[in-house]
Amino acid sequence: MDLLNEMQVGLAQALEFQAIFLMLAGTVLGMIVGATPGLSSGMAVAVLLPVTFGMTPLNGLIFLTSVYVSVTYGGSVTAILLNTPGAPENAATCLDGYPLTQQGRSAEAIGTAISSSVIGGTLSYIVMLVGIGAVAAVALDFGPSEIFLIAIAGVAILGAVGNGSPLKILASGAFGLLIGTIGIVPTGEWRATFNEPFLAEGVQVVPVLIGAFVVSELMEMAGRDYVVDAQVKGQQNLGNILHAFANPFRHLWTVLRSSGVGMVIGLIPAAGATLAAFASYSLTRRLSKDPDSFGKGNISGIVAAESANNACSGGALMTTLALGVPGSTTTAVLLGALTMHGLQAGPQLVYQQMPLVYGLIMAAIVSQIFMVAIAIGVGYGLSGALSVPTRILIPLLMLFSFLGAFALRNAVFDVDLMLLAGAFGYVMKRYGYSPSALVMGVILASIADNELIRMFQLFGNDWYQEFFTRPLSLCLLIVVVGGMTHRLWWRGRPSEFEIADE
Amino acid sequence: MPTGQRMDFGKLAGEMIVPAVMLISTALYWSDAAHLSFFAKAFPLALTVVLVLCVGGILIQICRSCRVPETTDGAGETRTAPDAPGWSLKTALQKAMVVVLPAVLLFFWDGIGGLLTLWLYATVILALLGERRRLVLLLLPIGTALGTYLLFHIVLYVRIPDGLLSIGF
C-alpha cells in the first residue's frame, strides 16, 4: 500500500508542468547528442550538470536522466544510417542496422530500434519501480566490508570487462581512487591537501567529470573539420518506421530476454550498456536457428541490442540510487549530480527521499512516451545529417564547461582542475588508459576509505576477518579478485566482446 | 632509419607520459601525507601498492613492445603502429590551445571580467580552428559568450566578475 502511495506521489510529481518541460528539453537535447557521433551520454550529462544548479534535486535529476536515457535512442539512428554509433552503447546496433540500410531498409531498422528501446527501457523502469525498495532493504544489512567491496568492484569490474588493457584500466582506477582520497579524513587530518583550502573538501567531482568527459573529447575533436564525415544513405519513410514498430512483438522472446540481460548487466557496477548490448546480441545469435544471418541485416540483432542497452539504464540507475555505487559511467555523473545537490545515494536515500526516488522513476517511465515521438522525428528528419563543424562545437561546449566548473564554488581553482583533468584525460585516452575508471575512482574513493576506517574502528586488529567470515563479503571478494585475475590471465586473448566490437 | 628511430622514441615518450604523471603525483601525495596516522594512510597505501604494481607491469609491456623489430613493406617504407601519434604541428597546436588558452586567460579573469574573457576565448579558438568568415568570427563569439554568460549569471546566479565592463556602468 505504501508503495502504491509513493508511486502515486511520484506520478503526480512527474506530471507537473515543470517536470514535463524538463523531460521534453532533456529528451530533445539527449536525442541530438545521441544522433551526433562522437558525443557520448556521459559527456552530455556532464556538460549539462551545471545547468541544474538552480533546480530542485528532483527536477535536476529528471532533466539529466532524460538526457541520459534519450542519448541511447538517438545513437541508434546514426548506428543504422552511418555505421557510426552515436554513443558507444549503440555499437552492437551497427552490426545488423547498417546492412539493413545498405539493403534500402533503414526505415524498418529505425522503427524496430525505437520500439525495442521503448520496450526495454519501460520494462527496466517498471522492474526498478517495484524492486528498488527490496534492493535498498537488502543493502541496509550491508556492513562496512560489503560497502567497501562494492565500491572497489566499481573500478575492478571496469578492468575486468572493459575494452582495453586491464592493467591500464586498473592503474587508471587506482590513480582515481588515490586522487579521491585527498581531503579531510574522518579522523580530522588533512590528507595530501598541501594546505590548499579548496582541497579540504576533497577533489571536487564535477570539474573532474567535465574535464575527463567533455574537455578531453573536445581536444580529440580539434584538428577535424566535422565530428564525423559520412554520407547518409537514409530512406525517409514514416510509414515504414511506424510499421516496423511491431517487429519486437514478432520477436517477443528476444526482446524479453534481452531486456532481462540488459537489466542484470546494468545492476553490476560499472559494467555498462555497451557490454549489455553485445552480451545480448551474442546470446541471441547463439540461440538463433539462423546464426549466419546475423551481421547481414537480421532484425533480431537490432531488437537484442537496442532492448538490452536501454534496459541497462534502469538497472544502472537502481544500483546508483540504492547502493550509492554507479552502475555505469553516465550514472557516475548522475551520482555527482546527487552529491552536488547535497544528497547521499544509498539505501538511506531510498527510504528517506521516497518522493524523489519514485518521482524520478515515474518520470523516466513517462519520458518514454516523449522519446518515442521525438525519436520518430529524429529518425525521420535528421537521418544522421548532424555533421556539426567542430569549430562551432568546441567554443560552445568549452564556454559551457568553463562556466560549469566555475559555478560550482565560484572558484577559478575548479576551472584549473577541469583543464588539468581534461588534458590528462586526453593523454590517457590516446594511450589506452581509461578516464572513466579514473572518474569512477574519484567518486568511489571516499566511500571505500570511510568504510575501511569504520572497519578498523569497529573490529580492531581483526578487521580483515570481516571479508572472509561474512558470506556476502566473501562472494564479492571472489567476484572482484576472480574477475580481475581471469582478465589478467587471459589478457592475450581478445574476448568475444572485443571481437564483436571490431 | 633515423626517421624510424625518431618515431620509436616519440611513441615511447608518449607511452611514458601517463605512468610518469601517475608516479610523480603519487610521490607528491606521499610527500604531504607521510606523517599521517595509520587510519588515514591505510587505504592510500594499499592503492599506492596496486598502482605501482600496475605501472610496473605497464612499463614491462612497453619495454617488451620496444624490442619487437619494426617491419618494412615492399617499398622499404617503415610501418608504424596504427595508434602512433601522427599529427601535424597545426593539429597539435589546435589540440593544446583548447586547454592552454583558457588556462592563460584565467589570469585575466578578475581583471578584464568574465564576459570579455569568454568572448576573447571564443574568438581566438574559433580563429585557431580555421574559421575565416568574418561574420562568423564576429557574431558567434559574441553570441556564445553572451548566451552562456546570461544563462549562468542571470538564470543560475553564478557570481561572474564584471571586470572592465563595470567601469562603464
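The model is a predicted one.

Start with chain B. It holds 7 helices and 0 strands. Read from the N terminus, its elements run α-α-α-α-α-α-α. Of its 169 residues, 24% count as buried. Now look at contacts in chain B between residues at least 6 apart in sequence. Of these, 59% join residues at least 24 apart.

The domain assignment divides chain B into domain 1 (2-67) and domain 2 (89-168). How far apart do the C-alpha centres of domain 1 and domain 2 of chain B lie? They are 36 Å apart.

Next comes the contact between the chains. Chain B gives 54 residues to it, and chain A gives 52 residues. Which elements of chain B give two or more residues to the side that touches chain A? They are α1 (2-33), α2 (38-67), α3 (89-105), α5 (114-128) and α6 (134-155) of chain B. The largest share of that side, 13 residues, comes from α2(B). By class, the side of chain B that touches chain A has 39 nonpolar, 10 polar and 5 charged residues.

One pair of helices shows part of the meeting of chains A and B. Find helix α20 (residues 412-430) of chain A, then find α3(B). Their axes come within 10 Å and cross at roughly 160°. An angle over 145 degrees counts as roughly antiparallel. Therefore α20(A) and α3(B) are roughly antiparallel to each other. Their crossing is left-handed. On the α20(A) side, the residues that meet α3(B) are D416(A), L419(A), G422(A) and A423(A). On the α3(B) side, the partners are V99(B), P102(B) and A103(B). This contact of α20(A) with α3(B) has 5 nonpolar, 1 polar and 1 charged residues.

L36(B) lies in the loop between α1 and α2 of chain B. Is L36(B) buried, exposed or partly exposed? L36(B) has 18 C-beta neighbours inside 10 Å, so it counts as partly exposed. Leave aside its neighbours within four places in sequence. L36(B) is then in contact with E189(A), R191(A) and K41(B).

Now turn to a helix pair inside chain A. Helix α3 (residues 41-48) and helix α4 (residues 57-82) of chain A have axes that come within 9 Å. These axes cross at roughly 160°. So α3(A) and α4(A) are roughly antiparallel to each other. The crossing of α3(A) past α4(A) is right-handed. From α3(A), the residues in the contact are S41(A), A44(A), V45(A) and L48(A). From α4(A), they are L64(A), V67(A), Y68(A), V71(A) and T72(A). By class, the contact of α3(A) with α4(A) has 7 nonpolar residues, 2 polar and no charged.

Finish with two loop residues of chain A. N195(A) sits in the loop between β2 (190-191) and α9 (197-200) of chain A. N195(A) is not a glycine, although it has a positive phi of about 60°. N195(A) is exposed, because 8 other C-beta atoms lie within 10 Å. N410(A) is in the loop between α19 (390-409) and α20 of chain A. Phi of N410(A) is near 50°, a positive value in a residue other than glycine. What is the exposure class of N410(A), with 11 other C-beta atoms within 10 Å? N410(A) is exposed.

Methods: Residues are numbered from 1 along each chain as its sequence is written. Chains are lettered from A and ligands numbered from 1 in the order in which they are written. This is a predicted model: local features need pLDDT of at least 70, side-chain atom pairs count only at pLDDT 80 or more; totals for chains, interfaces and linings use all residues. Two residues are in contact if their C-beta atoms, placed from the backbone, lie within 7 Å. Helices (H or I, at least four residues) and strands (E, at least two) are DSSP runs, numbered from the N terminus. Ala, Val, Leu, Ile, Met, Phe, Trp, Tyr, Cys and Pro count as nonpolar, Asp, Glu, Lys and Arg as charged, and the others, Gly among them, as polar. A residue is buried if 20 or more other C-beta atoms lie within 10 Å of its own, exposed if 12 or fewer, and partly exposed in between; C-beta atoms are placed from the backbone. Axes are lines fitted to C-alpha atoms, for helices over the stretch in contact, and angles run from 0 to 180 degrees between N-to-C directions. Angles under 35 degrees count as roughly parallel, over 145 as roughly antiparallel, 65 to 115 as roughly perpendicular and the rest as oblique. A crossing is left-handed if the near helix is turned anticlockwise from the far one by less than a right angle, and right-handed if clockwise. Domain bounds come from an automatic or database domain assignment.
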